[in-house]
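Here is a short briefing on one stretch of a protein model. Please look over the sequence and the structure before reading on.

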Amino acid sequence: MGLPPRELRDLQLRVRTEQQTPEWKTRYAVRSGVEGTVNEFAHGHGMRRCRYRGQGKAHIQHALTAIAVNIERLSGLPPTEEAPTPRRPTAFQNHLDQREIPRPKSWRTLGS
């Protein structure tokens, strides 16, 4: 069994005592929360290598992958119990209602 040089041993002792302080533990808690996400990107989504060349294209790839991961995570959440509150009518919708003019259907609901 070999012993490390004195400088290395002193450095290890200093770092290990620093790791016992509350400030270090607070900083490390933030890092440990991010490490899981970084690991998921690197291993689960192949982010160690880019498909495209250039910083701009690589940035777009990372941003789109992050959006996809967030959608994937949100889709696994259980639905909320309460229905979202409906939006207040716009001034134009109030104008139509006051004159008893039928509102046109939204283009979003025309297909359903």
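Setting aside neighbours within four places in sequence, Thr65 touches Phe41, His45 and Met47. The model is predicted.

**Thr65**
- Thr65 sits in helix 3.
- Its relative accessibility is 15%. Thr65 therefore counts as buried, because buried means under 20% relative accessible area.

**Gln61**
- Gln61 also has its place in helix 3.
- Gln61 is buried, at a relative accessible area of 12%.
- The Gln61 side chain reaches the backbone nitrogen of Arg51 at 3.1 Å.
- With neighbours within four places in sequence left aside, the contacts of Gln61 are Met47, Arg49, Cys50, Arg51 and Tyr52.
- Met47 is in contact with Gln61, and Met47 is also in contact with Thr65.

**The nonpolar surface patch**
- Four residues, Ile60, Leu64, Ile67 and Ile71, make up a nonpolar patch on the surface.
- Together they have about 400 Å² of accessible area.
- Ile67, one of the patch residues, lies in helix 3, which covers residues 55-75.
- Ile67 has a relative accessible area of 47%. Ile67 is therefore partly exposed, since exposed means over 50% and buried means under 20%.

**Side by side**
- Gln61 is buried and Thr65 is buried, whereas Ile67 is partly exposed.

Notes
Residues numbered from 1 in each chain as written. Predicted model: local features only at pLDDT ≥ 70, side-chain atom pairs only at ≥ 80, totals over all residues. Heavy atoms only, no water. Patch = residues over 30% accessible without salt bridge, like charges linked within 9 Å, V, L, I, M, F, W, Y side chains within 5 Å. Areas by Shrake-Rupley, 256 points an atom, 1.4 Å probe, with all protein chains shown as cover. Salt bridge = Lys/Arg side-chain N within 4 Å of Asp/Glu carboxyl O. Helix = DSSP H or I, 4+ residues; strand = E, 2+ residues; numbered from the N terminus. Buried < 20%, exposed > 50% of the residue type's maximum accessible area, 1.4 Å probe, protein only. Polar contact = N/O pair within 3.5 Å; in protein donor to acceptor, adjacent residues only side chain to side chain. Contact = heavy atoms within 4.5 Å.
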